[in-house]
Protein chains: 2
Amino acid sequence: MIDETLYIPLHIQLSKSLEEKIKTHEYVERIPSERELMDMYNVSRTTVREAVTKLVNDGWLIKVHGKGTYVNQRPPIQEWLSSLNSFTETVRRMGMIPSSKLLTSKKLVADEQHISVLKNEVYMIERLRYADGKPVAIEQHYYPISIGKRLAEFNLDQETIYDLLENELGIMLDEAEQFITTTVIEEHLAKFLEIPKGSNVLLVERTIIDSKGNVIEYYIGKYRPDMYTFRVKTKRNITKK
Amino acid sequence: MIDETLYIPLHIQLSKSLEEKIKTHEYVERIPSERELMDMYNVSRTTVREAVTKLVNDGWLIKVHGKGTYVNQRPPIQEWLSSLNSFTETVRRMGMIPSSKLLTSKKLVADEQHISVLKNEVYMIERLRYADGKPVAIEQHYYPISIGKRLAEFNLDQETIYDLLENELGIMLDEAEQFITTTVIEEHLAKFLEIPKGSNVLLVERTIIDSKGNVIEYYIGKYRPDMYTFRVKTKRNITKK
DNA sequence: CAGTGGTCTAGACCACACT
DNA sequence: GTGTGGTCTAGACCACTGG
């Protein structure tokens, strides 16, 4: 059930296992108690609780003191957002022709706070993105050296990075967290986007982790607001509290 | 520092204490290490980690393996986009106190293109929103006359509109589509938000429908980007390829 | 190397829900 | 009372960062 020999943390393996059983309806109403899970997986209670807590935070489970841990009957949204489906797909869906220009591709030291969620050294790929030949966004991807070096071997003017990661490098993206806000564009980037200096852009910041819990990518995208907006479809959450 | 005699769990007390010190800028860049916190508060490492984990999940802190735990420099209010949340809920979740000032409440003719997803005549409610007494957003809600008239009978300085809709008017919100972009704030609104004229704000445009598919609300919100950010967590579906 | 967060164990007692 | 989740301890070892 759980493989000790893998270098994947037990609580992550357990968490994935439970999530799988929820999705396949093996667990429909309730999951086993924490002490039962300890025995089933031969792990400590702390490890069980860590795994369960993750699923509670993600909306899969609901804990009830004194009774048990229940499967949330209103499961969370689990689709990749279109913005993550790659710029390429999004632009194509709008009936426009996407293209790219590689600006930078180099190794550097992660000093900034957010970037340092990755290792000390990172590989940075910077691309200018077009729709129908008009500049729309500047994207910076930061990768662990090992991944970045391999990505750099491909023609990044042409390829979709997420396709490369999954299909060529065999890295399964698992979870991503994104922040959307706005900021003033840096002067040297303004001319690439063909907007006046001092203009505001939409800022997207993203961290992607793989199924082992490792950070795979840190990303910053700056989008021209006159060319790009984010669209989100949401449902009202009935979860009381 | 921590009162053992209270019925409040230690990890909650610790969590609140840290959150307080972040908000008052006692901790600006980094918080003490986990082992330091153990000594400072006379608790076990597990308890420290539980408290810290909560603050990481809530967006206050960022952990970096081998280096330390850092204060997140992003705007203090983070709205989860996975479900439809009200301003009130979002602000409360961040441990701040929400309040409102009603600016406008009147019937008008829907001439603009977007508003006319509603009927010809609409009811508009405009509110200035605060978190801990600081202005954060200006929200305009547009409703069909029948709904708007009834809403206007309540004290909109106090109430949560979505609560009123659901609990008092018996209208169940179901789905919403949101667009997020950025724009320059109008001059007459800048002073309400206490920002320089010409500043940029985050712009949210939203249409809500009920379970029958009727348009219930059209909404425009303008948010101060130094106070508010949008957060999205997306997950790969294991069952699908 | 020392210091940091990451993982994990074994065990204890408390608070709550149900019978 | 029994079983559940909630809280907490003390201690161990690993992995990473940085001097």
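**Interface and DNA contacts**

Mentor: The area buried between chain A and chain B is about 4500 Å², and carbon and sulfur atoms give 48% of that. Buried area here is the accessible area (1.4 Å probe) that two parts lose on being put together, summed over both. This is a predicted model, in which local features need pLDDT of at least 70, side-chain atom pairs count only at pLDDT 80 or more, and totals for chains, interfaces and linings use all residues. Residues are numbered from 1 along each chain as its sequence is written, chains are lettered from A and ligands numbered from 1 in the order in which they are written, and side-chain values use heavy atoms, with hydrogens and water left out.

Trainee: Which element gives the largest share of the side of chain A that touches chain B?

Mentor: Elements are DSSP runs numbered from the N terminus, helices being H or I of at least four residues and strands E of at least two. Those giving two or more residues to this side of chain A are α1 (10-23), β7 (173-184), β8 (200-210) and β10 (230-235). The largest share, 10 residues, comes from β7(A).

Trainee: Which residue of β11(B) is the bridge partner of Ile180(A)?

Mentor: Two strands pair if DSSP finds at least two bridges between them. β7(A) and β11 (residues 228-235) of chain B pair in the antiparallel sense over six bridges. In β11(B), the partner of Ile180(A) is Phe230(B).

Trainee: Which residue of chain A meets Arg74(B) in a salt bridge?

Mentor: A salt bridge is a side-chain nitrogen of Lys or Arg within 4 Å of a carboxyl oxygen of Asp or Glu. The rule finds five across the interface of chain A and chain B. In one, at 2.8 Å from N to O, the side chain of Arg74(B) meets that of Glu205(A).

Trainee: Which element gives the most to the surface near DNA strand D?

Mentor: A residue is near the strand if one of its heavy atoms lies within 4 Å of it. Elements supplying at least two residues each include α2 (34-41) of chain A and α1 (10-23) of chain B. With four residues, the most comes from α3(B).

Trainee: How far is the side chain of Arg45(A) from a base nitrogen of DNA strand D?

Mentor: Of the 28 residues around DNA strand D, Arg45(A) is among those that come nearest. From an N or O atom in the side chain of Arg45(A) to a base nitrogen, the distance is 2.8 Å.

How values were computed. A polar contact is a pair of N or O atoms within 3.5 Å; within protein, one must be able to donate a hydrogen and the other to accept it, and residues adjacent in sequence count only if both atoms are side-chain atoms.
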